Amino acid sequence: MTNEQIVSEIRNGYSVTEYMQLLYESNLLLIKKFIKPFAAYEPMENLLQEAYFGLWEAVQRYESSKQVRFMTYAHFWIYTTVRNYIVKCGSTVRLLFNIREKLTNYSRAADKIRREQGREPSIAEIVAFTGIPDTEVRKLKTYAQGEQSGHSIGRGRKLDAFGYDTRRF
């Protein structure tokens, strides 16, 4: 049975639970590929569960008359659902996704430089490694230090439109 046929059966109300399970299991490798970029933010089990909800959303909204393969269409809904989950529930402190992504890139770069050179990296080294402007790297460094020490990012602070602390560094 093709994915499109399974979706048609689900939408017609025939054994919805069984067919959703079949759809999920038969596309699990592809679903894992879709959510792999988010693996650094949350445990894989949580991401897979959210991916299932995205798959369900795709089944509800899919129109076979558009001549698009179902999993191509489902990719958008799975990606969107998982991304929204991370933004809403990914951590105690809510950061915009692009800020969280930059923070992850900063942390990876700093860890790699620490491992290779056995010392704390300079701002210039991280800028060269990531391509993030030095003003943002300074802010990210402050946030990363706050995360490591267990302090809440932004608690009692004014944040600008990008989610950064408005204080001067």
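Modeller: A crossing of two helices is called right-handed if the near helix is turned clockwise from the far one by less than a right angle, and left-handed if anticlockwise. In this predicted model, the crossing of H2 and H4 is right-handed.

Biologist: At what angle do helix H2 and helix H4 pack, and how far apart are their axes?

Modeller: Two packed helices are described by the angle between their axes and the distance between those axes. Here H2, residues 16-26, and H4, residues 44-61, pack at about 115 degrees, and their axes are 11 Å apart.

Biologist: Which residues of H2 and H4 meet?

Modeller: From H2 come Val-16, Met-20, Leu-23 and Tyr-24; from H4 come Leu-48, Tyr-52, Leu-55, Trp-56 and Val-59. The residues of this contact comprise 9 nonpolar, no polar and no charged.

Biologist: Which residues touch the most other members of the largest nonpolar core?

Modeller: In soluble globular proteins, nonpolar side chains tend to be buried together. The largest core here has 28 residues, and Leu-23, Leu-55, Phe-70 and Ile-78 touch the most other members. H1, H2, H3, H4 and H5 each supply at least two residues of this core, with the largest share, 8 residues, coming from H5.

Biologist: What does Phe-70 touch beyond four places away in sequence?

Modeller: Its contacts include Leu-23, Leu-55 and Val-59, and also Asn-3.

Biologist: Is Asn-3 buried or exposed?

Modeller: A residue counts as buried under 20% relative accessible area. Asn-3, in helix H1, has 16%, so Asn-3 is buried. Beyond four places away in sequence, Asn-3 touches Leu-23, Ser-26, Asn-27, Phe-70 and Met-71.

Notes: Residues are numbered from 1 along each chain as its sequence is written. This is a predicted model: local features need pLDDT of at least 70, side-chain atom pairs count only at pLDDT 80 or more; totals for chains, interfaces and linings use all residues. Side-chain values use heavy atoms; hydrogens and water are left out. Axes are lines fitted to C-alpha atoms, for helices over the stretch in contact, and angles run from 0 to 180 degrees between N-to-C directions. Helices (H or I, at least four residues) and strands (E, at least two) are DSSP runs, numbered from the N terminus. Contact means heavy atoms within 4.5 Å. Ala, Val, Leu, Ile, Met, Phe, Trp, Tyr, Cys and Pro count as nonpolar, Asp, Glu, Lys and Arg as charged, and the others, Gly among them, as polar. A nonpolar core is a set of buried Ala, Val, Leu, Ile, Met, Phe, Trp, Tyr and Cys residues joined through side-chain atoms within 4.5 Å. Buried means under 20% relative accessible area, exposed over 50%, partly exposed in between (1.4 Å probe, protein chains only).
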